[in-house]
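This report covers selected local features of one protein model. Please keep the sequence and the coordinates at hand while reading.

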Amino acid sequence: MRTRIQTLWSGLVLAALGVLMLATAPAHAAAQTGTVVGTVQSEEGPALSGVQMTLPGTGLAVSTGADGSFRIANVPVGTHELRAFQLGFREARVQDVQVRAGEETRVDVVMETLPIALTGVVVSPGRRAQRQTEAPATVTRIEAGELEVMPGGSFANALKEVKGLDFIQVGVSGVAVNARGFNSSFNNRMLMMEDGRIAVLPESGLPLGQFTPIPQIDLAGVEVLVGPGSALYGPDASSGVISLESKDPREYPGTSVMTTGGVRGYQNLQARHAGVSGDWGYKVTAEYHRVNDFENRLNYGTEEEPLWEAGTGGSLDPNQPSGVDWENRVMRGQASLVYYMDESRLELGAGGSENNGVGQTNVGRNQFDGWTYNYQQARFTTPNWFFNLYRAQSQSGDSYAINRFTENKAANPELTDDEIRLMSDWPSDGRILAAEVQNNFSLGALLGSEITWGAQFRRDAVSSDRQWLTDRLTGEDVTINQIGVYGQAEVPLTPDLRLVLATRIDEHDNYDTQISPKAGLVWSPSADQAVRFTYNRAFKSPTILQTNFWIPDFVPFVGVFHNTDGFEIRNQAGDVVHELAPLVPESNDTFELGYRGVLGDRFLVDVAGYIGSYQDFLSPLTVFANPFGPTIFSQEPTTAFWPDGTEVTGEEGGPQIPLTYWNLGEADVRGLDFGATFVASPQIDVKSTFSYVGLSGDGAEAGPEAEATSLNSPSTKWTLGLDARDFGNFSGSATVRYVNGYRFHSGINQGRIPTHTGLDLSVRYQIPDTGIQINATAQNLFVCGSDTPGGDRSCGIDQRHIQMVNMPAVGSVVLLGLRWDL
């Protein structure tokens with residue numbers, strides 16, 4: 001039944017879009033027209049330039065000139081509504097504008113000032129610039145000004161107060177994020193974009209995160225779209241999209257330097273230089289980051305027979321150093337050359353990063369040692385067209401799996417650490433080659449509908465040096481080709497009601513055609529008020545890691561095997577006790593009802609309730625058979641077989657405890673995301689967020705309870721913050737964040753993450769007439785939490801507390817930074 005409904009939705013959306021795309025726009029040419037002219041000024045009197053002037057239902061729009069004047073020609077005869085929008089002002093609406101044939105109608109507009117915190121423009125919901133109030137999705141934008149006052153080397157800390165987003169601190173600067181449930185220790189349900197590039201590690205599908213080549217000092221903004229985004233972004237956008245935008249040389253010229261020091265030997269140095277010469281612009285950025293991270297030590301054995309974690313140069317003795325390198329070191333940077341042509345621009349860019357540190361997986365932890373990422377990109381942008389071509393590469397360097405190293409060290413005491421590391425490494429060379437074309441235009445014949453369409457091509461090629469992917473079987477790199485086409489139409493049914501229709505069709509080498517429809521209504525009954533109701537279907541294709549993992553005996557008697565054909569699980573009598581079907585893409589259908597509006601001239605409310613239904617969602621890497629003991633499928637020993645009846649064995653034919661990925665079935669969630677901003681005065685803003693998410697329905701229908709019913713997210717979380725500015729040369733902020741405790745189950749990472757509440761403080765001082773700003777922050781300054789899973793809560797300064805199972809308890813992070821804009 002559900003498949004039929006999805007097919008019907010997809011067919012309706014595709015048919016509607018087809019009509020819109022085939023329509024032409026000569027209707028106004030034969031009609032009688034007139035002209036609307038006038039000026040725009042603020043309530044204080046000065047003329048306003050760059051104000052967007054629109055006549056809803058006509059597709060006509062212009063911007064005011066330097067003197068605040070505007071002229072809209074070829075306006076159909078009749079009665080219209082004129083709208084004016086600019087950041088920092090309330091939208092102005094002028095009713096009953098009469099247009100007569102061959103005549104000019106004059107309309108002068110006065111705009112009311114509104115705090116910047118209550119207005120905004122976003123790009124990610126519709127892949128085009130639009131007012132945040134009228135965006136058909138839950139989206140948060142973090143501007144350059146907010147990022148510039150944050151010391152340190154990570155944009156991730158700015159995500160702490162994003163509504164609807166789970167923020168999990170796993171180190172001084174290490175962060176994991178998720179939205180709307182079903183998190184894991186190896187989570188790739190949120191897509192990351194950087195300047196129009198898909199920013200993932202091709203071998204795992206993980207978002208770049210700390211591997212980003214963009215220094216914080218070069219960020220112009222970050223947008224976070226919470227909820228399904230596949231209709232425009234395709235695979236990997238099942239739970240949302242995080243988009244990073246770097247600074248343009250012409251908009252942000254000059255030289256900036258930022259240096260930061262702090263606890264645990266924290267060192268960070270960033271620099272950026274940009275300029276314009278004639279029609280050419282250029283920029284160069286670089287960053288160095290180092291810190292001795294929080295650390296802990298895992299036991300990969302049992303309480304009776306412990307096996308304590310060890311790395312190169314370390315010891316299995318718990319009383320001796322482990323050898324795991326907890327020093328987090330990062331170098332990153334990028335450069336670009338831009339040619340400007342009136343309203344168009346051509347940009348050539350390149351960048352890269354190198355990372356060292358510790359990262360978590362579903363089966364243990366990895367030691368990053370010289371892991372590099374690089375990209376090269378060419379993009380051409382006009383007011384209506386976007387062309388993008390890029391290549392990205394990820395290489396693992398000397399990185400290795402700490403859990404495998406520990407097991408191999410215990411099993412092979414006669415070998416050197418270098419020999420054991422080679423047995424435990426993850427050699428990888430992953431490459432992405434991608435291209436995209438996108439176009440947007442207004443369709444006057446259909447009430448001025450806004451149309452966005454585009455096409456993408458992506459080719460992933462990964463080599464594991466013939467060791468841990470199926471290239472060890474075929475002798476050839478693993479390659480996957482994907483092609484996607486998408487389109488969206490925003491149709492103004494009335495001046496205040498818009499219909500949003502979108503769909504995307506994706507062709508993937510390994511799966512059937514995937515169709516992701518989207519439909520919604522946005523009602524704007526008055527200026528800066530909007531109610532939205534949307535339906536989205538998103539899907540998540542399994543990554544190369546999930547479809548091509550192949551490493552028998554990665555530790556003695558334990559192997560990882562890809563699931564492209566399925567498995568039979570048999571008991572000792574040869575009876576089939578369970579069957580695993582081959583992997584298919586995960587999907588979810590989400591209905592959302594939201595409201596965003598400015599109440600009075602000081603209060604912004606943004607709230608959305610949603611229900612989501614997941615099908616075939618992907619499991620973590622999990623044991624599914626065990627010749628020596630019970631599993632989630634059977635209490636007696638079992639053996640795995642391929643569909644042709646061949647037993648799953650080690651390379652020498654011995655027994656295996658196999659791990660793989662599979663589809664777990666169905667699960668339903670419901671939730672609420674709320675955000676509010678109150679402008680208490682021109683100098684003080686009060687901000688708050690609240691989120692709730694929970695499973696609905698019978699979790700037992702989803703599959704094995706241990707995995708399928710693990711929401712892995714807090715049921716409730718909230719923040720309350722205060723931003724203060726322009727107190728002399730001082731400004732600052734304070735934020736309290738609460739996260740309700742929850743059960744986490746992802747592979748070997750099982751336990752309860754305790755409830756925790758933390759206070760963050762920041763103070764900034766601008767030295768007059770110097771361009772120098774001093775920033776001081778204290779994250780987790782005062783915390784109520786527990787440093788053990790399920791332990792008693794304690795409160796205090798530098799209180800260590802757990803935010804992720806099997807990762808270190810984190811404490812206070814105090815940083816002092818200096819920024820100099822030359």
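The model is predicted, so local features need pLDDT of at least 70 and side-chain atom pairs count only at pLDDT 80 or more, while totals for chains, interfaces and linings use all residues. Residues are numbered from 1 along each chain as its sequence is written, and side-chain values use heavy atoms, with hydrogens and water left out.

**Sheets and strand pairs**

Helices (H or I, at least four residues) and strands (E, at least two) are DSSP runs, numbered from the N terminus. Two strands count as paired if DSSP finds at least two bridges between them. Strands of a sheet pair through backbone hydrogen bonds, either parallel or antiparallel.

An open antiparallel sheet of 4 strands has the order S3-S2-S5-S6. Its edges are strand S3 (60-63) and strand S6 (92-99), each of which pairs on one side only. Neighbouring strands of this sheet are turned by 25 degrees against each other on average, direction ignored; axes are lines fitted to C-alpha atoms, for helices over the stretch in contact, and angles run from 0 to 180 degrees between N-to-C directions.

Another open antiparallel sheet holds 3 strands in the order S35-S34-S39. Here strand S35 (576-580) and strand S39 (638-641) are the edge strands, each pairing on one side only. The twist from one strand to the next averages 20 degrees.

| Strand | Partner | Bridges |
|---|---|---|
| S2 (residues 52-55) | S3 | 4 bridges |
| S34 (residues 567-571) | S39 | 4 bridges |
| S43 (residues 716-727) | S44 (residues 730-739) | 9 bridges |
| S44 | S47 (residues 756-767) | 10 bridges |

Leu-55 has Leu-60 in S3 as its bridge partner, and Glu-568 stands opposite Phe-641 in S39. Gly-721 is bridged to Thr-735 in S44, while Phe-730 stands opposite Tyr-765 in S47. S43 and S44 form a hairpin with 2 residues between the strands, in which Gly-728 takes a positive phi near 65 degrees.

**Disulfide**

A disulfide is taken as a pair of cysteine sulfur atoms within 2.5 Å, and by this rule the count is 1 disulfide. The sulfur atoms of Cys-784 and Cys-795 lie 2.0 Å apart. Cys-784 belongs to strand S48 (residues 772-785) and Cys-795 to strand S49 (residues 794-797), 11 residues apart. The torsion about the S-S bond is about 115 degrees, so the disulfide is right-handed. Cys-784 is buried at a relative accessible area of 15%; buried means under 20%, exposed over 50%, and partly exposed in between (1.4 Å probe, protein chains only).

**Helix H5**

Helix H5 (residues 402-411) is largely enclosed by the rest of the structure, because 7 of its 10 residues are buried. Among them are Ile-402, Phe-405 and Lys-409. The buried residues of H5 pack against strands S22, S23, S25 and S32 and against helix H6 (417-424).

**Gln-750**

Gln-750 sits in strand S46 (residues 749-753) and is partly exposed, with a relative accessible area of 41%. Leaving aside neighbours within four places in sequence, Gln-750 is in contact (heavy atoms within 4.5 Å) with Arg-743, Phe-744, His-745 and Val-805. The side chain of Gln-750 reaches the backbone oxygen of Gly-747 at 2.9 Å. Asn-806 is 56 residues from Gln-750 in sequence and 8.1 Å away in space, C-alpha to C-alpha.

Note on methods
Polar contact = N/O pair within 3.5 Å; in protein donor to acceptor, adjacent residues only side chain to side chain.
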